[in-house]
Amino acid sequence: MTTNTSTTTTTATIEADGLVKRYGSTPAVDGVTLSAGRGIIGLLGPNGAGKTTLLRMVATVLAPDAGRLRMLGLDPADPAQRTDIRRQLGYLPQSPGLYPGFTPFDLVDYVAVLKEHTDRDWRHEESRRVLESVGLADVMHRKIRKLSGGMKQRVALAAAMVGSPQLLVLDEPANGLDPDQRLRLRSLKTESSTVLMSTHNISEVGALCQSVYVMFDGRIRFAGTPAELAGLAAGQVWEDASQDPRAIRSWITATGAYRHLGEPPSGAQVVDPTLDDGYLLLARREQS
Amino acid sequence: MSTTAPAWVAPTARAVPWQPLAGVAVCLLGVVVLAAVRGRWPVGVLDVAAAGTAAAVVAGLRDPAANLLSAMPTSAARRQARRLMLLVPAGLGLWLAYLAAANLVSRGVGWPLGPAVALVATGCAVAAWTPERFAVEAGVAAPLGWMALARAWSGLHDSVTPVLTAYQSHPWVVTAVASAALLMGRSR
Ligand SMILES: Nc1ncnc2c1ncn2[C@@H]1O[C@H](COP(=O)(O)OP(=O)(O)OP(=O)(O)O)[C@@H](O)[C@H]1O
Ligand SMILES: [Mg+2]
(Lines give C-alpha, C1' and ligand atoms only; values in the text may rest on other atoms or scores of the structure.)
(Ligands and ions follow the chains in the order given, each with its own letter.)
Protein backbone atom coordinates (compact mmCIF):
# COMPACT_ATOMS: atom_id res chain seq x y z
CA MET A 1 0.00 0.00 0.00
CA THR A 2 1.32 3.42 -0.81
CA THR A 3 0.03 6.39 1.10
CA ASN A 4 -0.54 9.88 -0.09
CA THR A 5 1.96 12.22 1.50
CA SER A 6 0.70 15.49 0.07
CA THR A 7 -0.81 16.75 3.32
CA THR A 8 0.68 16.99 6.77
CA THR A 9 -0.96 16.56 10.14
CA THR A 10 0.45 17.68 13.42
CA THR A 11 -1.51 15.49 15.85
CA ALA A 12 -1.40 11.71 15.92
CA THR A 13 -4.29 10.03 14.10
CA ILE A 14 -4.67 7.42 16.82
CA GLU A 15 -3.86 8.13 20.45
CA ALA A 16 -4.47 5.38 22.97
CA ASP A 17 -3.48 5.58 26.60
CA GLY A 18 -3.88 2.67 29.01
CA LEU A 19 -6.67 1.04 26.99
CA VAL A 20 -8.35 -1.91 28.69
CA LYS A 21 -11.07 -4.21 27.40
CA ARG A 22 -12.25 -7.20 29.41
CA TYR A 23 -14.48 -10.10 28.46
CA GLY A 24 -15.82 -11.21 31.81
CA SER A 25 -12.89 -10.90 34.15
CA THR A 26 -10.25 -11.75 31.53
CA PRO A 27 -8.62 -8.73 29.89
CA ALA A 28 -8.36 -9.10 26.11
CA VAL A 29 -6.59 -5.75 25.88
CA ASP A 30 -4.67 -4.88 29.00
CA GLY A 31 -3.31 -1.34 29.19
CA VAL A 32 -2.36 -0.56 25.60
CA THR A 33 -0.71 2.79 24.96
CA LEU A 34 0.11 3.79 21.42
CA SER A 35 0.37 6.83 19.25
CA ALA A 36 0.14 6.48 15.50
CA GLY A 37 0.59 9.21 12.96
CA ARG A 38 0.79 8.99 9.20
CA GLY A 39 1.80 5.81 7.43
CA ILE A 40 1.03 2.12 7.53
CA ILE A 41 1.24 0.55 10.96
CA GLY A 42 1.39 -3.22 11.35
CA LEU A 43 0.00 -5.08 14.33
CA LEU A 44 1.45 -8.52 14.97
CA GLY A 45 0.76 -11.09 17.66
CA PRO A 46 -0.29 -14.69 18.17
CA ASN A 47 -3.90 -15.92 18.07
CA GLY A 48 -5.82 -14.45 20.98
CA ALA A 49 -3.28 -11.68 21.65
CA GLY A 50 -6.01 -9.03 21.47
CA LYS A 51 -5.38 -7.55 18.01
CA THR A 52 -9.00 -7.71 16.86
CA THR A 53 -10.23 -6.34 20.18
CA LEU A 54 -7.83 -3.40 19.90
CA LEU A 55 -8.77 -2.74 16.27
CA ARG A 56 -12.48 -2.84 17.11
CA MET A 57 -11.91 -0.16 19.73
CA VAL A 58 -9.96 1.97 17.25
CA ALA A 59 -12.76 1.43 14.72
CA THR A 60 -15.25 2.83 17.31
CA VAL A 61 -17.16 -0.46 17.34
CA LEU A 62 -16.23 -1.43 20.88
CA ALA A 63 -16.00 0.91 23.86
CA PRO A 64 -12.96 0.48 26.10
CA ASP A 65 -13.55 -0.40 29.77
CA ALA A 66 -10.75 1.93 30.84
CA GLY A 67 -8.17 4.23 29.31
CA ARG A 68 -8.26 7.12 26.92
CA LEU A 69 -8.73 6.84 23.16
CA ARG A 70 -8.81 9.51 20.50
CA MET A 71 -8.91 9.20 16.75
CA LEU A 72 -8.31 12.13 14.39
CA GLY A 73 -8.36 14.34 17.46
CA LEU A 74 -11.91 13.24 18.33
CA ASP A 75 -13.36 11.29 21.24
CA PRO A 76 -15.26 8.12 20.23
CA ALA A 77 -17.10 8.05 23.56
CA ASP A 78 -19.08 11.11 22.51
CA PRO A 79 -21.83 10.05 20.04
CA ALA A 80 -21.52 13.12 17.79
CA GLN A 81 -17.72 12.89 17.66
CA ARG A 82 -17.97 9.13 17.09
CA THR A 83 -20.11 9.77 14.01
CA ASP A 84 -17.54 12.34 12.87
CA ILE A 85 -14.75 9.77 13.24
CA ARG A 86 -16.80 7.24 11.30
CA ARG A 87 -17.17 9.68 8.42
CA GLN A 88 -13.38 9.59 8.03
CA LEU A 89 -12.85 5.91 8.86
CA GLY A 90 -12.75 2.70 6.84
CA TYR A 91 -12.94 -0.58 8.73
CA LEU A 92 -12.38 -4.11 7.49
CA PRO A 93 -13.40 -6.53 10.27
CA GLN A 94 -11.83 -9.97 10.63
CA SER A 95 -15.14 -11.67 9.67
CA PRO A 96 -16.92 -9.07 7.57
CA GLY A 97 -20.08 -10.85 6.39
CA LEU A 98 -21.68 -9.70 3.14
CA TYR A 99 -25.07 -9.79 1.41
CA PRO A 100 -24.87 -12.84 -0.91
CA GLY A 101 -27.62 -11.50 -3.17
CA PHE A 102 -25.81 -8.21 -3.85
CA THR A 103 -23.16 -7.70 -6.49
CA PRO A 104 -19.84 -6.18 -5.34
CA PHE A 105 -20.88 -2.97 -7.07
CA ASP A 106 -24.26 -2.87 -5.27
CA LEU A 107 -22.62 -3.53 -1.92
CA VAL A 108 -19.90 -0.92 -2.27
CA ASP A 109 -22.47 1.60 -3.53
CA TYR A 110 -24.65 0.83 -0.48
CA VAL A 111 -21.66 1.36 1.80
CA ALA A 112 -21.16 4.74 0.10
CA VAL A 113 -24.83 5.54 0.81
CA LEU A 114 -24.30 4.64 4.47
CA LYS A 115 -21.21 6.84 4.45
CA GLU A 116 -23.58 9.68 3.56
CA HIS A 117 -22.45 10.23 -0.02
CA THR A 118 -25.55 11.60 -1.70
CA ASP A 119 -24.33 12.15 -5.26
CA ARG A 120 -25.28 9.03 -7.18
CA ASP A 121 -22.87 9.60 -10.07
CA TRP A 122 -19.98 10.16 -7.68
CA ARG A 123 -20.90 6.99 -5.77
CA HIS A 124 -20.96 4.89 -8.90
CA GLU A 125 -17.64 6.21 -10.08
CA GLU A 126 -16.10 5.70 -6.63
CA SER A 127 -17.49 2.15 -6.39
CA ARG A 128 -15.94 1.31 -9.73
CA ARG A 129 -12.64 2.87 -8.67
CA VAL A 130 -12.26 0.92 -5.42
CA LEU A 131 -13.39 -2.35 -6.98
CA GLU A 132 -10.90 -1.91 -9.80
CA SER A 133 -8.16 -1.13 -7.28
CA VAL A 134 -8.69 -4.52 -5.59
CA GLY A 135 -8.79 -6.32 -8.94
CA LEU A 136 -12.53 -7.02 -9.09
CA ALA A 137 -13.35 -5.07 -12.25
CA ASP A 138 -14.38 -8.25 -14.06
CA VAL A 139 -16.77 -9.55 -11.43
CA MET A 140 -18.24 -6.36 -10.00
CA HIS A 141 -21.67 -7.16 -11.46
CA ARG A 142 -21.69 -10.83 -10.48
CA LYS A 143 -23.64 -11.97 -7.39
CA ILE A 144 -21.43 -12.14 -4.29
CA ARG A 145 -22.66 -15.67 -3.53
CA LYS A 146 -20.94 -16.79 -6.74
CA LEU A 147 -17.54 -15.33 -5.78
CA SER A 148 -14.62 -17.19 -4.20
CA GLY A 149 -13.55 -16.59 -0.60
CA GLY A 150 -10.60 -14.40 -1.59
CA MET A 151 -12.80 -12.36 -3.90
CA LYS A 152 -15.30 -11.79 -1.08
CA GLN A 153 -12.44 -10.62 1.11
CA ARG A 154 -11.49 -8.12 -1.57
CA VAL A 155 -15.10 -6.90 -1.81
CA ALA A 156 -14.98 -6.16 1.92
CA LEU A 157 -11.60 -4.46 1.49
CA ALA A 158 -13.03 -2.31 -1.30
CA ALA A 159 -15.98 -1.40 0.93
CA ALA A 160 -13.56 -0.22 3.63
CA MET A 161 -11.75 1.99 1.12
CA VAL A 162 -14.81 3.82 -0.21
CA GLY A 163 -14.40 7.59 -0.05
CA SER A 164 -10.66 7.39 0.73
CA PRO A 165 -11.05 7.61 4.52
CA GLN A 166 -8.35 9.37 6.55
CA LEU A 167 -7.98 6.33 8.76
CA LEU A 168 -8.13 2.74 7.54
CA VAL A 169 -8.40 -0.07 10.10
CA LEU A 170 -7.81 -3.45 8.48
CA ASP A 171 -8.08 -6.71 10.42
CA GLU A 172 -6.07 -9.30 8.50
CA PRO A 173 -6.68 -7.81 5.05
CA ALA A 174 -4.63 -10.51 3.30
CA ASN A 175 -6.78 -13.27 4.80
CA GLY A 176 -7.55 -15.80 2.04
CA LEU A 177 -5.75 -13.91 -0.71
CA ASP A 178 -3.61 -15.83 -3.17
CA PRO A 179 0.09 -14.83 -3.52
CA ASP A 180 -0.67 -12.71 -6.55
CA GLN A 181 -3.37 -10.80 -4.71
CA ARG A 182 -1.17 -10.42 -1.64
CA LEU A 183 1.39 -8.78 -3.87
CA ARG A 184 -1.33 -6.59 -5.31
CA LEU A 185 -2.33 -5.58 -1.78
CA ARG A 186 1.19 -4.30 -1.26
CA SER A 187 0.95 -1.91 -4.16
CA LEU A 188 -2.62 -0.89 -3.45
CA LYS A 189 -2.97 2.85 -3.69
CA THR A 190 -4.78 4.35 -0.76
CA GLU A 191 -5.30 8.02 -0.06
CA SER A 192 -5.69 7.24 3.62
CA SER A 193 -3.04 8.94 5.68
CA THR A 194 -3.05 6.30 8.41
CA VAL A 195 -3.53 2.58 7.93
CA LEU A 196 -3.56 0.32 10.97
CA MET A 197 -3.55 -3.35 9.99
CA SER A 198 -3.23 -6.63 11.83
CA THR A 199 -1.65 -9.56 10.10
CA HIS A 200 -0.06 -12.94 10.69
CA ASN A 201 2.08 -12.48 7.62
CA ILE A 202 5.34 -11.02 8.89
CA SER A 203 6.85 -10.45 5.47
CA GLU A 204 3.87 -8.23 4.68
CA VAL A 205 4.84 -6.01 7.58
CA GLY A 206 8.35 -5.73 6.18
CA ALA A 207 7.06 -4.85 2.73
CA LEU A 208 4.26 -2.48 3.74
CA CYS A 209 4.65 -0.95 7.15
CA GLN A 210 6.62 2.00 8.41
CA SER A 211 6.09 0.95 12.00
CA VAL A 212 5.04 -2.19 13.81
CA TYR A 213 3.49 -3.10 17.15
CA VAL A 214 3.66 -6.62 18.56
CA MET A 215 1.04 -7.75 21.07
CA PHE A 216 1.12 -10.63 23.52
CA ASP A 217 -1.64 -11.33 26.05
CA GLY A 218 -3.34 -8.00 25.53
CA ARG A 219 -0.20 -5.90 25.91
CA ILE A 220 2.10 -4.19 23.44
CA ARG A 221 5.50 -5.82 23.85
CA PHE A 222 7.28 -4.16 20.98
CA ALA A 223 6.90 -0.84 19.18
CA GLY A 224 9.30 0.27 16.49
CA THR A 225 10.20 -0.05 12.85
CA PRO A 226 10.30 -3.39 11.03
CA ALA A 227 14.11 -3.05 10.90
CA GLU A 228 14.19 -2.63 14.67
CA LEU A 229 12.03 -5.73 15.13
CA ALA A 230 14.43 -7.74 12.97
CA GLY A 231 17.31 -6.13 14.88
CA LEU A 232 16.10 -7.75 18.14
CA ALA A 233 17.59 -10.98 16.84
CA ALA A 234 20.89 -9.47 15.68
CA GLY A 235 23.75 -11.81 16.53
CA GLN A 236 21.30 -14.47 17.72
CA VAL A 237 20.61 -16.35 14.50
CA TRP A 238 22.86 -18.99 13.04
CA GLU A 239 22.60 -21.68 10.43
CA ASP A 240 23.90 -25.20 10.56
CA ALA A 241 23.53 -28.49 8.69
CA SER A 242 22.14 -30.21 11.77
CA GLN A 243 19.91 -29.55 14.78
CA ASP A 244 21.40 -27.76 17.75
CA PRO A 245 20.03 -28.44 21.26
CA ARG A 246 21.50 -25.15 22.51
CA ALA A 247 19.11 -23.15 20.32
CA ILE A 248 15.92 -21.92 21.94
CA ARG A 249 14.18 -22.40 18.62
CA SER A 250 15.18 -24.25 15.42
CA TRP A 251 13.54 -24.92 12.11
CA ILE A 252 14.53 -26.31 8.75
CA THR A 253 14.74 -23.84 5.86
CA ALA A 254 14.03 -24.29 2.16
CA THR A 255 17.72 -24.96 1.49
CA GLY A 256 17.68 -27.91 3.89
CA ALA A 257 19.83 -26.10 6.47
CA TYR A 258 18.71 -25.59 10.07
CA ARG A 259 18.14 -22.05 11.27
CA HIS A 260 18.65 -21.54 14.98
CA LEU A 261 17.65 -18.78 17.39
CA GLY A 262 19.37 -18.11 20.69
CA GLU A 263 22.88 -17.55 22.00
CA PRO A 264 25.12 -18.84 19.17
CA PRO A 265 27.89 -21.28 20.11
CA SER A 266 31.43 -20.21 19.30
CA GLY A 267 32.34 -20.76 15.68
CA ALA A 268 28.69 -20.76 14.62
CA GLN A 269 27.84 -19.26 11.25
CA VAL A 270 25.88 -16.20 12.40
CA VAL A 271 23.54 -14.78 9.77
CA ASP A 272 21.57 -11.56 9.35
CA PRO A 273 18.25 -11.64 11.21
CA THR A 274 14.94 -11.32 9.42
CA LEU A 275 11.66 -9.94 10.72
CA ASP A 276 10.53 -13.51 11.43
CA ASP A 277 13.60 -14.05 13.60
CA GLY A 278 12.91 -10.91 15.60
CA TYR A 279 9.25 -11.82 16.07
CA LEU A 280 9.97 -15.44 16.99
CA LEU A 281 12.60 -14.42 19.51
CA LEU A 282 10.15 -11.98 21.09
CA ALA A 283 7.46 -14.68 21.16
CA ARG A 284 9.86 -17.11 22.77
CA ARG A 285 10.78 -14.63 25.47
CA GLU A 286 7.09 -14.05 26.17
CA GLN A 287 6.44 -17.76 26.50
CA SER A 288 9.21 -18.33 28.99
CA MET B 1 -35.84 3.89 -10.83
CA SER B 2 -37.74 6.44 -8.82
CA THR B 3 -36.03 9.79 -8.54
CA THR B 4 -37.82 10.68 -5.31
CA ALA B 5 -37.06 7.62 -3.14
CA PRO B 6 -34.04 8.15 -0.87
CA ALA B 7 -30.91 6.24 -1.91
CA TRP B 8 -31.16 3.86 1.06
CA VAL B 9 -34.58 2.43 0.15
CA ALA B 10 -33.65 0.05 -2.68
CA PRO B 11 -30.48 -1.46 -1.11
CA THR B 12 -32.17 -1.74 2.30
CA ALA B 13 -35.11 -3.55 0.74
CA ARG B 14 -32.69 -5.96 -0.92
CA ALA B 15 -30.68 -6.47 2.26
CA VAL B 16 -33.73 -7.41 4.33
CA PRO B 17 -34.37 -11.16 4.57
CA TRP B 18 -37.97 -11.44 3.36
CA GLN B 19 -38.10 -15.24 3.54
CA PRO B 20 -39.67 -15.43 7.03
CA LEU B 21 -42.48 -13.10 5.99
CA ALA B 22 -42.95 -15.02 2.72
CA GLY B 23 -43.03 -18.30 4.65
CA VAL B 24 -45.68 -16.99 7.04
CA ALA B 25 -47.68 -15.66 4.06
CA VAL B 26 -47.74 -19.16 2.56
CA CYS B 27 -48.89 -20.64 5.89
CA LEU B 28 -51.64 -18.04 6.25
CA LEU B 29 -52.79 -18.72 2.71
CA GLY B 30 -52.95 -22.42 3.59
CA VAL B 31 -55.13 -21.66 6.62
CA VAL B 32 -57.50 -19.54 4.55
CA VAL B 33 -57.80 -22.18 1.82
CA LEU B 34 -58.40 -24.94 4.38
CA ALA B 35 -60.99 -22.84 6.20
CA ALA B 36 -62.75 -22.05 2.93
CA VAL B 37 -62.87 -25.75 1.99
CA ARG B 38 -64.25 -26.73 5.39
CA GLY B 39 -66.60 -23.77 5.44
CA ARG B 40 -65.76 -22.59 8.94
CA TRP B 41 -63.07 -20.57 10.60
CA PRO B 42 -60.77 -22.57 12.98
CA VAL B 43 -60.90 -21.40 16.60
CA GLY B 44 -57.75 -19.79 18.03
CA VAL B 45 -55.80 -19.68 14.79
CA LEU B 46 -55.84 -15.87 14.63
CA ASP B 47 -53.67 -15.63 17.69
CA VAL B 48 -51.03 -17.98 16.28
CA ALA B 49 -51.15 -16.18 12.94
CA ALA B 50 -50.64 -12.78 14.60
CA ALA B 51 -47.63 -14.05 16.55
CA GLY B 52 -46.17 -15.72 13.45
CA THR B 53 -46.53 -12.56 11.40
CA ALA B 54 -44.97 -10.46 14.15
CA ALA B 55 -42.06 -12.90 14.51
CA ALA B 56 -41.47 -12.80 10.74
CA VAL B 57 -41.36 -8.99 10.78
CA VAL B 58 -38.77 -9.03 13.57
CA ALA B 59 -36.76 -11.74 11.76
CA GLY B 60 -36.29 -9.23 8.94
CA LEU B 61 -33.90 -7.32 11.22
CA ARG B 62 -31.23 -10.00 10.81
CA ASP B 63 -28.21 -8.45 9.12
CA PRO B 64 -25.45 -10.76 7.84
CA ALA B 65 -23.27 -7.74 6.98
CA ALA B 66 -23.61 -6.16 10.45
CA ASN B 67 -19.87 -6.57 11.10
CA LEU B 68 -18.84 -4.96 7.83
CA LEU B 69 -21.20 -2.04 8.49
CA SER B 70 -20.41 -1.70 12.19
CA ALA B 71 -18.34 1.48 11.82
CA MET B 72 -20.60 3.43 9.46
CA PRO B 73 -21.70 7.00 10.23
CA THR B 74 -25.22 5.70 9.59
CA SER B 75 -25.60 3.80 12.86
CA ALA B 76 -26.94 0.29 13.28
CA ALA B 77 -29.95 1.77 15.09
CA ARG B 78 -30.78 3.99 12.14
CA ARG B 79 -30.31 1.12 9.69
CA GLN B 80 -32.71 -1.01 11.78
CA ALA B 81 -35.21 1.84 11.85
CA ARG B 82 -35.04 1.98 8.06
CA ARG B 83 -35.62 -1.76 7.87
CA LEU B 84 -38.67 -1.40 10.09
CA MET B 85 -40.00 1.33 7.81
CA LEU B 86 -40.14 -1.35 5.11
CA LEU B 87 -40.95 -4.41 7.21
CA VAL B 88 -43.81 -2.99 9.29
CA PRO B 89 -45.93 -1.85 6.30
CA ALA B 90 -45.24 -5.19 4.59
CA GLY B 91 -46.24 -7.15 7.71
CA LEU B 92 -49.30 -4.98 8.19
CA GLY B 93 -50.26 -5.45 4.55
CA LEU B 94 -49.97 -9.21 4.92
CA TRP B 95 -52.04 -9.15 8.09
CA LEU B 96 -54.79 -7.03 6.54
CA ALA B 97 -54.90 -9.26 3.46
CA TYR B 98 -55.20 -12.27 5.74
CA LEU B 99 -58.00 -10.68 7.75
CA ALA B 100 -59.81 -9.71 4.54
CA ALA B 101 -59.61 -13.31 3.30
CA ALA B 102 -60.67 -14.62 6.71
CA ASN B 103 -63.70 -12.30 6.72
CA LEU B 104 -64.76 -13.72 3.37
CA VAL B 105 -64.82 -17.18 4.92
CA SER B 106 -66.39 -16.16 8.21
CA ARG B 107 -67.98 -12.81 9.06
CA GLY B 108 -67.19 -13.26 12.75
CA VAL B 109 -63.44 -12.81 12.36
CA GLY B 110 -63.57 -9.00 12.35
CA TRP B 111 -60.50 -6.79 12.06
CA PRO B 112 -58.26 -7.46 15.09
CA LEU B 113 -55.30 -5.26 14.14
CA GLY B 114 -54.10 -4.37 17.63
CA PRO B 115 -52.70 -7.70 18.88
CA ALA B 116 -50.51 -8.17 15.80
CA VAL B 117 -49.16 -4.62 16.08
CA ALA B 118 -48.56 -5.05 19.83
CA LEU B 119 -46.61 -8.25 19.22
CA VAL B 120 -44.45 -6.62 16.52
CA ALA B 121 -43.65 -3.72 18.85
CA THR B 122 -42.86 -6.14 21.67
CA GLY B 123 -40.52 -8.19 19.48
CA CYS B 124 -38.67 -5.07 18.32
CA ALA B 125 -38.37 -3.77 21.89
CA VAL B 126 -36.97 -7.08 23.12
CA ALA B 127 -34.47 -7.09 20.22
CA ALA B 128 -33.39 -3.53 21.11
CA TRP B 129 -32.70 -4.47 24.75
CA THR B 130 -30.95 -7.79 24.12
CA PRO B 131 -27.18 -8.14 23.52
CA GLU B 132 -26.45 -7.79 19.83
CA ARG B 133 -25.31 -11.34 19.19
CA PHE B 134 -28.75 -12.83 19.85
CA ALA B 135 -30.95 -9.75 19.62
CA VAL B 136 -32.91 -10.90 16.56
CA GLU B 137 -33.43 -14.41 17.95
CA ALA B 138 -34.78 -12.98 21.20
CA GLY B 139 -36.99 -10.55 19.29
CA VAL B 140 -38.41 -13.37 17.16
CA ALA B 141 -39.00 -15.53 20.23
CA ALA B 142 -40.82 -12.75 22.12
CA PRO B 143 -44.14 -12.66 20.20
CA LEU B 144 -44.21 -16.44 19.81
CA GLY B 145 -43.39 -16.98 23.46
CA TRP B 146 -45.93 -14.46 24.69
CA MET B 147 -48.66 -15.99 22.56
CA ALA B 148 -47.74 -19.51 23.74
CA LEU B 149 -47.75 -18.44 27.40
CA ALA B 150 -51.09 -16.69 26.97
CA ARG B 151 -52.62 -19.81 25.45
CA ALA B 152 -51.12 -22.18 27.98
CA TRP B 153 -51.69 -20.31 31.23
CA SER B 154 -54.30 -17.58 30.90
CA GLY B 155 -57.36 -18.75 32.81
CA LEU B 156 -55.31 -21.03 35.05
CA HIS B 157 -54.26 -18.22 37.38
CA ASP B 158 -56.43 -15.15 37.78
CA SER B 159 -53.47 -13.09 38.95
CA VAL B 160 -51.40 -13.51 35.78
CA THR B 161 -54.17 -13.65 33.19
CA PRO B 162 -54.36 -9.85 32.69
CA VAL B 163 -50.62 -9.70 32.00
CA LEU B 164 -50.55 -12.76 29.76
CA THR B 165 -53.44 -11.51 27.65
CA ALA B 166 -52.49 -7.82 27.70
CA TYR B 167 -51.55 -7.81 24.02
CA GLN B 168 -55.11 -8.94 23.24
CA SER B 169 -57.04 -6.93 25.83
CA HIS B 170 -54.99 -3.70 25.71
CA PRO B 171 -53.00 -3.94 22.46
CA TRP B 172 -52.52 -0.21 22.01
CA VAL B 173 -51.23 0.26 25.54
CA VAL B 174 -48.78 -2.57 24.95
CA THR B 175 -47.80 -0.99 21.62
CA ALA B 176 -47.17 2.37 23.25
CA VAL B 177 -45.09 0.91 26.09
CA ALA B 178 -43.10 -1.34 23.74
CA SER B 179 -42.48 1.50 21.28
CA ALA B 180 -41.16 3.69 24.10
CA ALA B 181 -38.93 0.83 25.25
CA LEU B 182 -37.74 0.37 21.66
CA LEU B 183 -36.77 4.03 21.34
CA MET B 184 -35.02 4.02 24.71
CA GLY B 185 -33.26 0.74 23.93
CA ARG B 186 -31.92 2.00 20.63
CA SER B 187 -30.59 5.23 22.02
CA ARG B 188 -28.78 3.51 24.89
N1 LIG C 1 -16.72 -11.68 22.17
C2 LIG C 1 -15.84 -12.23 23.00
N3 LIG C 1 -16.25 -12.79 24.16
C4 LIG C 1 -15.36 -13.33 25.01
N5 LIG C 1 -14.04 -13.37 24.79
C6 LIG C 1 -13.57 -12.85 23.67
C7 LIG C 1 -14.45 -12.25 22.70
N8 LIG C 1 -13.70 -11.80 21.67
C9 LIG C 1 -12.43 -12.10 21.97
N10 LIG C 1 -12.34 -12.72 23.16
C11 LIG C 1 -11.11 -13.16 23.82
O12 LIG C 1 -10.24 -12.05 23.87
C13 LIG C 1 -8.92 -12.44 23.59
C14 LIG C 1 -8.39 -11.63 22.42
O15 LIG C 1 -9.12 -11.97 21.25
P16 LIG C 1 -8.87 -11.27 19.85
O17 LIG C 1 -9.91 -11.74 18.92
O18 LIG C 1 -8.76 -9.81 20.07
O19 LIG C 1 -7.45 -11.86 19.46
P20 LIG C 1 -6.62 -11.72 18.09
O21 LIG C 1 -5.27 -11.24 18.47
O22 LIG C 1 -7.37 -10.92 17.12
O23 LIG C 1 -6.52 -13.24 17.63
P24 LIG C 1 -6.47 -13.85 16.13
O25 LIG C 1 -5.08 -13.69 15.65
O26 LIG C 1 -6.83 -15.27 16.34
O27 LIG C 1 -7.47 -13.11 15.31
C28 LIG C 1 -8.95 -13.94 23.34
O29 LIG C 1 -8.58 -14.57 24.52
C30 LIG C 1 -10.39 -14.23 23.03
O31 LIG C 1 -10.74 -15.51 23.47
MG1 LIG D 1 -8.15 -11.29 15.29
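**Conventions.** I note that this is a predicted model, in which local features need pLDDT of at least 70 and side-chain atom pairs count only at pLDDT 80 or more, while totals for chains, interfaces and linings use all residues. Residues are numbered from 1 along each chain as its sequence is written, chains are lettered from A and ligands numbered from 1 in the order in which they are written, and side-chain values use heavy atoms, with hydrogens and water left out.

**Ligand 1.** Taken alone, ligand 1 exposes 640 Å², of which the protein buries 58%, the areas coming from the Shrake-Rupley method with a 1.4 Å probe. I listed 13 residues around ligand 1, of which A:G48, A:K51, A:T52, A:T53 and A:H200 come nearest; a residue is near a molecule if one of its heavy atoms lies within 4 Å of it. By class, the shell divides into four nonpolar, seven polar and two charged residues, where Ala, Val, Leu, Ile, Met, Phe, Trp, Tyr, Cys and Pro count as nonpolar, Asp, Glu, Lys and Arg as charged, and the others, Gly among them, as polar. Helix α1 of chain A (residues 51-58) gives the largest share of the shell, three residues; helices (H or I, at least four residues) and strands (E, at least two) are DSSP runs, numbered from the N terminus.

**Aromatic rings.** I counted seven aromatic pairs over all chains, a pair being rings of Phe, Tyr or Trp (its six-membered ring) with centres within 6.5 Å, called stacked with planes under 30 degrees apart, edge-to-face over 60 and tilted for the rest. One tilted pair is B:W95 with B:Y98, at 5.4 Å centre to centre and 35° between the planes. These two are separated by about one helical turn, because they stand three residues apart in helix α4 of chain B (residues 76-105). Both B:W95 and B:Y98 are buried, which means under 20% relative accessible area, with exposed over 50% and partly exposed in between (1.4 Å probe, protein chains only). In chain A, ring pairs link A:Y99, A:F102 and A:Y110 into a cluster. The charged end of B:R14 sits over the ring of A:F102, 4.7 Å from its centre; the rule asks for NZ of Lys or CZ of Arg within 6 Å of the ring centre and within 35 degrees of the ring normal.

**Loops of chain A.** A:S164 is partly exposed, at a relative accessible area of 27%. A:T60, in the loop between α1 and β5, is buried at 6%, and its side chain makes a polar contact of 2.8 Å with that of A:R86. Such a contact is a pair of N or O atoms within 3.5 Å; within protein, one must be able to donate a hydrogen and the other to accept it, and residues adjacent in sequence count only if both atoms are side-chain atoms.
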